Amino acid sequence: MINNDVLRSLRYTLSLNEARVADIIKLADYDVSGDQIAAFLEREGEANYRECSDEVLVHFLDGLIIHRRGKSEKPRPQPDITNVTNNVILKKLRLAFELKEEDMHQLMAMASFKVSKPELNALFRKEGHKNYRPCGDQFLRNFLKGLTLRIRG
């Protein structure tokens, strides 16, 4: 899924303005201006549109975890920005919103998307595991839709 779409969706879900998005990213020790955020939130093809890099999205997701759960006492490892997949995005969102397996099933049901327990578990396996399954764009879109319905309700 396109990073800009994920950022736009989460911004809408949480009712965040550009300054608040920038503040959340700063929680993960990364600097980005409100103008840059505004450019990431533009639609593709608009004059000020800029592609949101994996680095910015990962720092936003890490900042979101800190924002929602608080700062951990453990030293935070440097985020891996070389392999940002839908699975990584899904894992970070699950962590940020403290979602259990049944919560995930409820969100997917709210988005009218059926998923079995083994299918869901396969998305959270380590890449290379025999039961690992890549998270598709459609699954992530429906997850974000269910999350929006749950939060904005």
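## Two residues and their surroundings

Contact here means heavy atoms within 4.5 Å, and in this predicted model glutamate 51 touches Asn4 and Phe40, not counting residues up to four places away in sequence. Glutamate 51 is found in the loop between H3 and H4, and it counts as exposed because its relative accessibility is 61%, the threshold for that class being over 50%. The C-alpha atom of glutamate 51 is separated by 29 Å from that of leucine 99, a residue 48 residues apart from it along the chain.

Asparagine 142, by contrast, is buried, with a relative accessible area of 13%, which falls in the class defined as under 20%. Asparagine 142 lies in helix H8, which covers residues 137–152, and, when residues up to four places away in sequence are not counted, it touches Met108, Ala111 and Phe113.

## Packing of helix H2

Helix H2 (residues 18–27) packs with helix H3 (residues 34–41) at an angle of about 110 degrees, their axes being 8 Å apart, and the two helices are therefore roughly perpendicular to each other. On the H2 side the contact is made by Glu18, Val21, Ala22 and Ile25, and on the H3 side by Gly34, Ile37, Ala38 and Leu41. By class, the residues of this contact of H2 with H3 divide into six nonpolar, one polar and one charged.

The axes of H2 and H4 come within 7 Å and cross at roughly 85 degrees, which makes H2 roughly perpendicular to H4. H2 contributes Arg20, Val21, Ile24, Ile25 and Leu27 to this contact, while H4 contributes Val56, His59, Phe60, Gly63, Leu64, Ile66 and His67. The residues of the contact of H2 with H4 divide into eight nonpolar, three polar and one charged.

## The largest pocket

About 590 Å³ of space lies in the largest pocket. This pocket is lined by 27 residues, of which Asp62, Ile65, Pro77, Lys92 and Leu95 are the closest to its centre. The elements that give two or more residues to the lining are helix H4 (54–69) and helix H5 (86–96).

Divided by class, the lining of the largest pocket has 12 charged, nine nonpolar and six polar residues.

How values were computed. Residues are numbered from 1 along each chain as its sequence is written. This is a predicted model: local features need pLDDT of at least 70, side-chain atom pairs count only at pLDDT 80 or more; totals for chains, interfaces and linings use all residues. Side-chain values use heavy atoms; hydrogens and water are left out. On a 1 Å grid over the protein atoms alone, a cavity is a set of points where a 1.4 Å probe fits but cannot get out, and a pocket is an open set with protein on both sides within 12 Å along at least five of seven lines; lining residues have an atom within 4 Å of a point. Grid points are joined across faces, edges and corners, and a volume is the space filled by probe spheres set on the points. Helices (H or I, at least four residues) and strands (E, at least two) are DSSP runs, numbered from the N terminus. Ala, Val, Leu, Ile, Met, Phe, Trp, Tyr, Cys and Pro count as nonpolar, Asp, Glu, Lys and Arg as charged, and the others, Gly among them, as polar. Axes are lines fitted to C-alpha atoms, for helices over the stretch in contact, and angles run from 0 to 180 degrees between N-to-C directions. Angles under 35 degrees count as roughly parallel, over 145 as roughly antiparallel, 65 to 115 as roughly perpendicular and the rest as oblique. Buried means under 20% relative accessible area, exposed over 50%, partly exposed in between (1.4 Å probe, protein chains only).
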